[in-house]
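Welcome! Take a moment to look over the model shown here, and keep it in view while you read.

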Amino acid sequence: MSSHQPAPLPIANPTSSYWMHQPHPVLENFCSSEELPSHVETVIIGSGISGALIAHDLISRCPNVADKRVVMLEARSVASGATGRNGGHIKPDCYKNFASFQERHGSETAKTLCRYELENMKASAQFIIDEGLDKAVDLVKTNAVDLFLDEKAWEDAKAALKLQLEAGGDLSDITVHDKAQSEEKYRFNDVLGAVSYPACSLWPYKLAVGLIEKAMSNGLQLFTNTPALAVSLAANGKWQIETSKGHFVGKIVPVKGNVVAIEPSLDFASRPLDHTCSLQWGSDFDYMIQRPTDGNPLIFGGCDLAHPRKLTGPIGDADDSTTTPEIVDALLQFPVKYMRGWGNEASARISWSGIMGFTADELPFVGELPGRTGQFVAAGYTGHGMARVFLAIKALMQLAHNEAIDPRVPRVYFDIERRLKQKDDEWETMLEEAYSGQKESRSVPLERL
Ligand SMILES: Cc1cc2nc3c(=O)[nH]c(=O)nc-3n(C[C@H](O)[C@H](O)[C@H](O)COP(=O)(O)OP(=O)(O)OC[C@H]3O[C@@H](n4cnc5c(N)ncnc54)[C@H](O)[C@@H]3O)c2cc1C
């Protein structure tokens, strides 16, 4: 599928992820009633983390259960999209993109975009604790470490930090480590240096489903296996939900990611990593957490250059019913080659794929749809929704209720009309630059595998 074609509905027989192996016993496939209600106040399309947070916010705003005419439609089983298949990580991107953000949006917006993800991570963790969901989702507050395996990437990272500092950015949460420190402290080989900062790991499927369950006990109606097939204006001026085509064709592009749950070697089982990781190969990266329970598997995703069509291969691919064998192999080879004391082999407990929504400017669309009063969108997180969604949805709900919007949320997220008007060919060029210009910088280290 090309990036100009509308994304299809989620396909019917997806791979099963590590996270979805403990499905919710009731809500996995659930409809609140036999028939859909014919008239409701709000329809939420999708039961991922965005929909779950919207439902939670809407329901908690409405004290009277009878007024809560809120329906959630989910095309497949509950939270079976990106939220049920990601890397289990809230890892703020807090410095690496500073130079490109600064070039595109100026220093102030670049500082806000970088700071935002740290603020969002802290607010998300606090929200999970306040909601009493921290144990259920295995929330671990820790540090993420970006480990640099590519000379240019390491130089670019240091340059980005310098630029951000010069622009008056707040780097108080960020620590830089030299080669010896990085290899010793974080148990990796061939690392040039590292940058660490606060992050969390968690069970994202359980978070979304936990929030939906809470909202349901207060009136939310959930309909799984019920795709929305169109959204149109009825004669009475109300929105009518039937189909899903429209505004974002070519502007949000599906991109397939592969993840493997790898059994830990003896050393890593007895002494699990106490941090999360991101392996920096150039302008692209792979991501890893080690689970705190359940036999401590590594959850490791990325390795897109191993795709037969290199980095362009996953772009436009909306099929999460298969994994890409070359990528799964590369993910399995990584610990043997790079993790200190790992041993000679790595085996997969389970491997799966998931679909992300990428935008050419690498930022999500959040807000009301131009010319469609009362229709709101939060999408196109560009593989980084866990690190962006929480405060963005809070701000979306503030916007929908004409309230003051949290100033920490970058205003450019809401700039939908201007970004949608950007010509398709310009957007396409930006998309190519953003996601396939990474080939060169990634080719060196991956060839070493
Ligand atoms: C492999 C992979 C790795 C990732 N790694 C990270 C990471 O390390 N860090 C990070 O921050 N983020 C990561 N992400 C991204 C993150 O998971 C997403 O940005 C986030 O989960 C998006 O949440 P969402 O609720 O917007 O979308 P989703 O979770 O995809 O939810 C949308 C839901 O809508 C449903 N749906 C779609 N169309 C319709 C329709 N017409 N009618 C009804 N239902 C519909 C889908 O079935 C789906 O359940 C990763 C994603 C993947 C796939």
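What follows is a short tour of selected helices, strands, cores and single residues.

This is a predicted model, in which local features need pLDDT of at least 70, side-chain atom pairs count only at pLDDT 80 or more, and totals for chains, interfaces and linings use all residues. Residues are numbered from 1 along each chain as its sequence is written, and side-chain values use heavy atoms, with hydrogens and water left out. Helices (H or I, at least four residues) and strands (E, at least two) are DSSP runs, numbered from the N terminus.

**Helices that meet**

- Two packed helices are described by the angle between their axes and the distance between the axes.
- Axes here are lines fitted to C-alpha atoms, for helices over the stretch in contact, and angles run from 0 to 180 degrees between N-to-C directions.
- Helix 2 (residues 98-105) and helix 4 (residues 151-166) have axes that come within 8 Å and cross at roughly 50°.
- Helix 2 and helix 4 are therefore oblique to each other; angles under 35 degrees count as roughly parallel, over 145 as roughly antiparallel, 65 to 115 as roughly perpendicular and the rest as oblique.
- On the helix 2 side, Phe-98, Ala-99 and Gln-102 meet Ala-160, Leu-163 and Gln-164 of helix 4, where contact means heavy atoms within 4.5 Å.
- The residues of this contact between helix 2 and helix 4 are 4 nonpolar, 2 polar and no charged; Ala, Val, Leu, Ile, Met, Phe, Trp, Tyr, Cys and Pro count as nonpolar, Asp, Glu, Lys and Arg as charged, and the others, Gly among them, as polar.
- For helix 3 and helix 9 (residues 389-400), the axes come within 7 Å and cross at roughly 85°.
- That makes helix 3 roughly perpendicular to helix 9.
- Helix 3 brings Tyr-116, Glu-119, Asn-120, Ala-123, Ser-124 and Phe-127 to meet Val-389, Phe-390, Leu-391 and Ala-392 of helix 9.
- The contact of helix 3 with helix 9 divides into 7 nonpolar, 2 polar and 1 charged.

- All 5 of the 5 residues of strand 11 (residues 276-280) are buried, so strand 11 is largely enclosed by the rest of the structure; buried means under 20% relative accessible area, exposed over 50%, and partly exposed in between (1.4 Å probe, protein chains only).
- Thr-276, Ser-278 and Gln-280 point one way from strand 11, while Cys-277 and Leu-279 point the other way.
- Strand 4 (residues 140-148) pairs with strand 11 in the parallel sense over 5 bridges, and two strands pair if DSSP finds at least two bridges between them.
- Which residue of strand 11 is the bridge partner of Asp-146? Ser-278 is that partner.
- Leu-279 stands opposite Asp-286 in strand 12.

- An open sheet is formed by 3 strands in the order 1-2-7, with parallel pairing.
- Strand 1 (42-45) and strand 7 (221-223) are the edge strands, each pairing on one side only.
- Strand 2 (residues 70-73) pairs with strand 7 over 3 bridges, and the bridge partner of Val-71 in strand 7 is Gln-221.

**Nonpolar cores**

- A nonpolar core is a set of buried Ala, Val, Leu, Ile, Met, Phe, Trp, Tyr and Cys residues joined through side-chain atoms within 4.5 Å.
- The largest nonpolar core has 70 residues, of which Ile-212, Leu-220, Ile-393 and Tyr-413 touch the most other members.
- Helix 3 (residues 107-130) gives the most to this core, with 9 residues.
- Apart from this core lies another, of 27 residues, including Tyr-186, Val-191, Leu-273 and Leu-279.
- Leaving aside neighbours within four places in sequence, Tyr-413 is in contact with residues including Leu-113, Tyr-116, Phe-365 and Arg-419.

- Phe-365 lies in strand 15 (residues 365-368) and is buried, with a relative accessible area of 0%.
- Thr-83 sits in the loop between strand 2 and strand 3 (89-90), and at 8% relative accessibility Thr-83 counts as buried.
- Is Asn-402 buried or exposed? Asn-402 is exposed, with a relative accessible area of 73%, and lies in the loop between helix 9 and helix 10 (416-421).
- Lys-310 has a positive phi of about 55° although it is not a glycine, and Lys-310 is partly exposed, with a relative accessible area of 41%.
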